[in-house]
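Take a slow look at the model below.

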Amino acid sequence: SHLSSYGSNYYSYTWCRVLSARLWKLHFEGQPLKPGAGLPFVQLFLSHGASKDPMRMMEDLIGSADGGGVAMEAACAALVDELASYDAGAVDPQTPNAKLG
């Protein structure tokens, strides 16, 4: 039922937010439309399809901790920065890429 599986779904969504915030901060923040900004995403992630472990591809793209695995502190810091910008009114949460005037 909904209550028994909701927790894992919620945390999966949160983990995706952490990873996407880090990806944005490293590769797109500041100049998201710059030619070549998405090239690392294409080369290190999309080009492999299902032939490589998704977490290994994400580590290649956003960095990994010394012992392997995604660098959690940096990834979480990117999400905290994103959420803080919502609180400050700098970003519309419905359209995160659009700055409020």
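Leu39, Val42 and Leu46 make a nonpolar surface patch of about 260 Å². Patches are built from residues with over 30% relative accessible area and no salt bridge; like charges are joined within 9 Å, and nonpolar side chains (Val, Leu, Ile, Met, Phe, Trp, Tyr) within 5 Å. A salt bridge here is a side-chain nitrogen of Lys or Arg within 4 Å of a carboxyl oxygen of Asp or Glu. Accessible areas come from the Shrake-Rupley method with a 1.4 Å probe, and for residues only the protein chains shown count as cover. Leucine 46 lies in the loop between helix H2 (39-44) and H3.

A word on the source. This is a predicted model, in which local features need pLDDT of at least 70 and side-chain atom pairs count only at pLDDT 80 or more, while totals for chains, interfaces and linings use all residues. Residues are numbered from 1 along each chain as its sequence is written, and side-chain values use heavy atoms, with hydrogens and water left out.

Now the overall plan. The protein has four helices and two strands. Along the sequence, the pattern reads α-α-α-α-β-β. Helices (H or I, at least four residues) and strands (E, at least two) are DSSP runs, numbered from the N terminus. Of the 101 residues, 21% count as buried. Buried means under 20% relative accessible area, exposed means over 50%, and partly exposed lies in between (1.4 Å probe, protein chains only).

Go inside next. Which residues make up the largest nonpolar core? There are seven: Leu19, Leu23, Phe28, Ala37, Met58, Leu61 and Ile62. Such a core is a set of buried Ala, Val, Leu, Ile, Met, Phe, Trp, Tyr and Cys residues joined through side-chain atoms within 4.5 Å. Helix H1 (2-27) and helix H3 (54-62) each supply at least two residues of this core. The largest share, three residues, comes from H3. A second, separate core has five residues, including Val18, Ala21, Ala78 and Leu79.

Stay with H3. Its buried residues are Met57, Met58, Glu59, Leu61 and Ile62. An α-helix has 3.6 residues a turn, so residues three or four places apart point the same way. Beyond its neighbours within four places in sequence, leucine 61 is in contact (heavy atoms within 4.5 Å) with Leu23, Leu26, His27, Pro40, Phe41, Leu44 and Phe45. Just after H3, glycine 63 takes a positive phi of about 100°.

Finally, look for charges. The structure holds five salt bridges. Lys25, Glu29 and Asp81 are linked in a network of them. Lysine 25 meets glutamate 29 at 3.6 Å, N to O. Lysine 25 also pairs with aspartate 81, where the closest N and O atoms are 3.2 Å apart. This second pair links distant parts of the chain: aspartate 81 sits in helix H4 (residues 72-87), lysine 25 in helix H1, 56 residues apart.

Are these side chains buried, exposed or in between? Lysine 25 counts as partly exposed because its relative accessibility is 31%. Glutamate 29, at 47%, is partly exposed. Aspartate 81 is partly exposed too, at 40%. Elsewhere, arginine 56 forms a salt bridge with aspartate 53, their closest N and O atoms being 3.3 Å apart.
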